[in-house]
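Please open the model in your viewer and keep the sequence panel at hand. The tour below moves from one selection to the next.

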Amino acid sequence: MTDKKWNAYVAYAVEQLKEIEAIPSPTGYTREAAEYVCNQFMSLGYEAHITNKGGVIVTLNQADQSADEVINNGLLLEAHVDTLGGMVCEIKDNGRLRLSPLGGLNPNNAETENVTIITKFDGEYEGTFQLDNASIHVNGEYNDIKRAWDKMEVVIDEDVNSKEDTKKLGISVGDIVAFDPRTRVTESGYIKSRFLDDKLSVAILLAYAKYLKDENVTLERSLYAHITVYEEVGHGGCSSVPEDVVEAISVDMGCAGGEMTCTEKQVSICAKDSGGPYSYDVVTGLIEAAREAKADYAVDVYPHYGSDVEATLGAGYDLRHGLIGAGVYASHGYERSHIDGVKNVLKLLIAYIK
Ligand SMILES: [Zn+2]
């Protein structure tokens, strides 16, 4: 493929990323983001639908079913559109909000972030996630307090001084709180945002789907995508595996930093994570495909990680599994990746899926 074409697919992925990042989707509140993604796949010309659970199933290719002997060789790609976030668990006497985390959001990483409080019936309000008594000129213990959820609060940007004031706004326990993603793409190609895990992969799968259509690629095997929800709480990939699927690959953030060899410019192939080793044959095949495509790749063992496809296996499906993704630094915080990472994931998908 020409450089111009590669750049166009990568640019499309980045544009989709910005759109998806702009739709808040903390785990448990993903309808709007899922509908957006579903519509994008449909507008590319694919059959797609939203599952009962709220994920999106897309048929990217249906293998020829007319053959005498139908060979089941389907592949499922999984990426998740749900993110970390918070839920109001208490309205404090001073009118501010205590949060319970949605997924593994770390208060250190979320401190001072702008948030949107999404009420069920009374619209949205802005606020900031702060340490209790956050004025360093007033609070002598500011530096010594361990940031924990019960030591943090949302300061609502409305004139509220009591529990009653806040309730009058329509804010209730159970309301969703979305953190500002602060998405930026630098001149040098770095992509910075919260929730690149895993909205970047959703955007990459859209670009891959566009590539398949635009280049009239014919595949021999059935190919599906499941844009999951509830990944951040562990059961995203538990359901909705099409019947002829024998293999599933999570496209999720690749780990970068520490002893990982992967950088943000590479595609990471995970050999093992907290859930154990990935399918030997799938990992080997991915490495072979990366070599063939001259994709810049790294193979790593992730020390603290679980994936959608492990949830699929845990749910009892009989399939081979793999995990790939663009390298993402500062995961679950203010994350960073690079357009070269996007390109290398696309290269690997194109080479692996025939
Ligand atoms: Zn993820």
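## The metal site

Begin by selecting the zinc ion, whose protein donors are His-80 (NE2), Asp-197 (OD), Asp-252 (OD) and Asp-252 (OD), lying 1.9 to 2.6 Å from it; donors are N, O and S atoms within 2.8 Å of the metal (3.2 Å for Na, K and Ca), and water is not among the atoms, so sites may look incomplete. This is a predicted model, in which local features need pLDDT of at least 70 and side-chain atom pairs count only at pLDDT 80 or more, while totals for chains, interfaces and linings use all residues. Residues are numbered from 1 along each chain as its sequence is written, and side-chain values use heavy atoms, with hydrogens and water left out.

Along the chain, the donors of the zinc ion follow the spacing H-x116-D-x54-D. His-80 lies in strand β3 (residues 74-80) and Asp-252 in the loop between β13 (245-251) and β14 (254-255), so the pair ties together parts that are 172 residues apart in sequence; strands (E, at least two residues) are DSSP runs, numbered from the N terminus. Both His-80 and Asp-252 are buried, meaning under 20% relative accessible area (1.4 Å probe, protein chains only).

## Asn-61

Next, select Asn-61 in strand β2 (residues 56-61), which counts as buried because its relative accessibility is 18%. Its side chain reaches the backbone oxygen of Leu-219 at 3.3 Å and the backbone oxygen of Arg-221 at 2.8 Å.

Note on methods. Helices (H or I, at least four residues) and strands (E, at least two) are DSSP runs, numbered from the N terminus. Buried means under 20% relative accessible area, exposed over 50%, partly exposed in between (1.4 Å probe, protein chains only). A polar contact is a pair of N or O atoms within 3.5 Å; within protein, one must be able to donate a hydrogen and the other to accept it, and residues adjacent in sequence count only if both atoms are side-chain atoms.
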